[in-house]
Amino acid sequence: MKNTLIVYSSIDGHTKKISTKIAEYLSESNNVDLASLLEAKTLSLKNYQQIIIGASIRYGNYRKDLFEFIEKNLDDLNEKENAFFSVNVVARKSEKNTAESNPYVNKFLKATKWKPKNLDVFAGVVDYPVYNFFDKFMIKLIMWITSGPTDTKARFEFTDWERVKGFAEDLI
Ligand SMILES: Cc1cc2nc3c(=O)[nH]c(=O)nc-3n(C[C@H](O)[C@H](O)[C@H](O)COP(=O)(O)O)c2cc1C
């Protein structure tokens, strides 16, 4: 069985949820470890044949430690089967929901020397009730500008879980 590591960079937990689902699918044929980026820093990547990294977007950016982790482990990553997926709400729009058309996938590729062998993007969540005042205001504004949902009492999940399954199946 292949040893696979899935690393997630997540703030509100949705990228972790997607990673957990991918782990579930892969665990039928892989030994899977799931780790936050913080946990992954303490692991030896030499033990794995496949590494999958997922990260969400906040105000247009990934976290700095995502790129530090990739930079530090670039040789290991390149040696192995590998994949990257981005989670953002721009991907809810059909014209921005492929690895080629999503601006944050492009932004990721420009910011790193790593060229993932598999790439995908999943639409995330807008969960107004959990946001603080500032974030709620900003997300509502962004949603209003981009014709998204603006009811701040509700949670909107845009993730296509069949697509998550397809991504996982391609990695088996
Ligand atoms: C404060 C905040 C800022 C965000 N900024 C963006 C953004 O600039 N572009 C975008 O497409 N999605 C943005 N999102 C949507 C997140 O990418 C989405 O909620 C995702 O599901 C978060 O995943 P996580 O829970 O793993 O962090 C933002 C969300 C929040 C809460």
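Me: In what order do the five strands form the open sheet?
Reply: The order is E2-E1-E3-E4-E5, with parallel pairing; strands pair if DSSP finds at least two bridges between them. This is a predicted model, in which local features need pLDDT of at least 70, side-chain atom pairs count only at pLDDT 80 or more, and totals for chains, interfaces and linings use all residues. Residues are numbered from 1 along each chain as its sequence is written. Strands (E, at least two residues) and helices (H or I, at least four) are DSSP runs numbered from the N terminus.

Me: Which are the edge strands?
Reply: E2 (30–36) and E5 (118–123), each pairing on one side only.

Me: How many bridges join E1 to E2?
Reply: Seven bridges join E1 (residues 2–9) to E2. Asn3 stands opposite Asn31 in E2.

Me: Changing topic, at what angle do H1 and H7 pack?
Reply: At about 50°, with axes 9 Å apart; axes are lines fitted to C-alpha atoms over the stretch in contact, and angles run from 0 to 180 degrees between N-to-C directions. H1 is therefore oblique to H7, as angles under 35 degrees count as roughly parallel, over 145 as roughly antiparallel, 65 to 115 as roughly perpendicular and the rest as oblique.

Me: Which residues of H1 make the contact?
Reply: Ile18, Lys21, Ile22, Tyr25 and Leu26, where contact places backbone-derived C-beta atoms within 7 Å. Among their partners in H7 are Trp161, Val164 and Phe167.

How values were computed:
Contact = placed C-beta atoms within 7 Å.
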